[in-house]
Amino acid sequence: MKELTIISGKGGTGKTSVTASLATLAPSRVVIDADVDAANLFLTLPHEVLETIPFEGGHKARIDQSLCIQCGECVDRCCFDAVTKSPGQKSPGQDAQDFVEEYLIDPVSCEGCKVCVHFCPADAITFERQICGEKYISKTDNGPMIHARLGIAEENSGLLVSQLREQARKMAKDHDIPLIITDGPPGIGCPVIASVSNADAVLIVTEPTHSGIHDMVRVKKLADQMNAAVYLCVNKADLNPDMTLNIKKFCSENAIQFAGEIPFDRDVIESMKMGQSLVQFSRGPAALAVEKVWQNVSEYMKKTMNRLL
Ligand code: SF4
Ligand code: SF4
């Protein structure tokens with residue numbers, strides 16, 4: 001079983017559109033949407049959700065008011081200013097001077113470091129795992145799709161990506177599926193590292209702009225650190241042919257296999273509106289170019305993997 005991760009270094013390069021087409025062209029694969037902060041692969045891959053699994057992320061501290069002895073230790077110890085002292089609830093018939101002050105933890109500010117739990121003299125602080133989102137196992141025409149939705153303002157996206165990849169590997173193994181394709185998140189942060197680690201190869205989707213080139217260089221470094229083979233394609237290549245030429249030159253000078261150029265094509269937008277991958281929807285120039293990218297990537301993977309073996 002081989003793993004190919006598609007990354008871009010920045011958003012808006014057309015990475016997900018390319019992933020959806022490759023996932024359509026691959027005869028048998030598991031596809032993962034690892035862009036968990038802004039998951040949208042499911043919008044262009046017709047699918048049926050078979051299973052929903054809660055995602056348990058980090059811990060949050062919570063004070064049990066019945067045990068709290070109001071010592072204030074937690075306020076002093078919390079480095080994230082997550083604990084505050086607030087007026088308690090007024091009971092019916094209670095006088096203002098009888099209001100009980102409470103120590104409260106703001107779940108948004110709490111970083112789950114557990115320091116307050118450790119220092120609380122009354123064992124009044126619970127420390128529970130939080131449900132931060134949902135993971136989905138879906139059926140598509142040529143294999144399963146593993147995707148997720150992270151709750152608003154929730155963190156732990158790196159952990160979630162790792163869990164999705166683990167799930168995909170198990171599924172590929174159980175069903176004898178030879179390939180996992182991962183739609184990686186933009187940037188070079190924790191979730192991207194989680195998407196690329198232990199991948200056999202990455203396909204960088206870039207665009208012919210200065211920022212595209214800048215981000216391409218950053219993700220190439222990351223892929224090198226992870227020992228993944230690196231392939232690259234240029235999306236909307238015809239919008240700046242000189243810049244595309246520079247990118248090709250960079251590839252030949254930096255041991256990157258050039259997988260192809262995809263021209264600007266309005267069919268990309270139209271396919272999204274129809275909820276289909278580009279190659280499902282169109283036989284236009286961009287769709288044909290993506291098919292060529294897929295052929296090159298499969299060929300490179302076969303060669304590289306044989307060499308690795
Ligand atoms: S450290 Fe424990 S006992 Fe003291 S105020 Fe905080 S929760 Fe209450
Ligand atoms: S777990 Fe850490 S961040 Fe959260 S309230 Fe306690 S000390 Fe503050």
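**Close-up views of a predicted model**

View 1. H1 spans residues 15-25 and is mostly covered, with 11 of its 11 residues buried. Helices (H or I, at least four residues) and strands (E, at least two) are DSSP runs, numbered from the N terminus. This is a predicted model: local features need pLDDT of at least 70, side-chain atom pairs count only at pLDDT 80 or more, and totals for chains, interfaces and linings use all residues. Residues are numbered from 1 along each chain as its sequence is written, while chains are lettered from A and ligands numbered from 1 in the order in which they are written.

**View 2. Follow the open sheet.** Its 9 strands come in the order S3-S6-S7-S2-S8-S1-S9-S10-S11, with mixed pairing; strands pair if DSSP finds at least two bridges between them. S3 (48-63) and S11 (257-262) are at the edges with a single partner strand each, so one side of each has no neighbour in the sheet.

**View 3. Look at S3 and S6.** These strands run antiparallel and are joined by 13 bridges. Here Thr-52 stands opposite Tyr-136 in S6.

**View 4. Visit ligand 2.** Around ligand 2 there are 14 residues, and the closest are Ala-61, Cys-78, Cys-110, Cys-113 and Cys-116; a residue counts as near if its C-beta atom, placed from the backbone, lies within 6 Å.

Notes. Buried ≥ 20, exposed ≤ 12 C-beta atoms within 10 Å, placed from the backbone.
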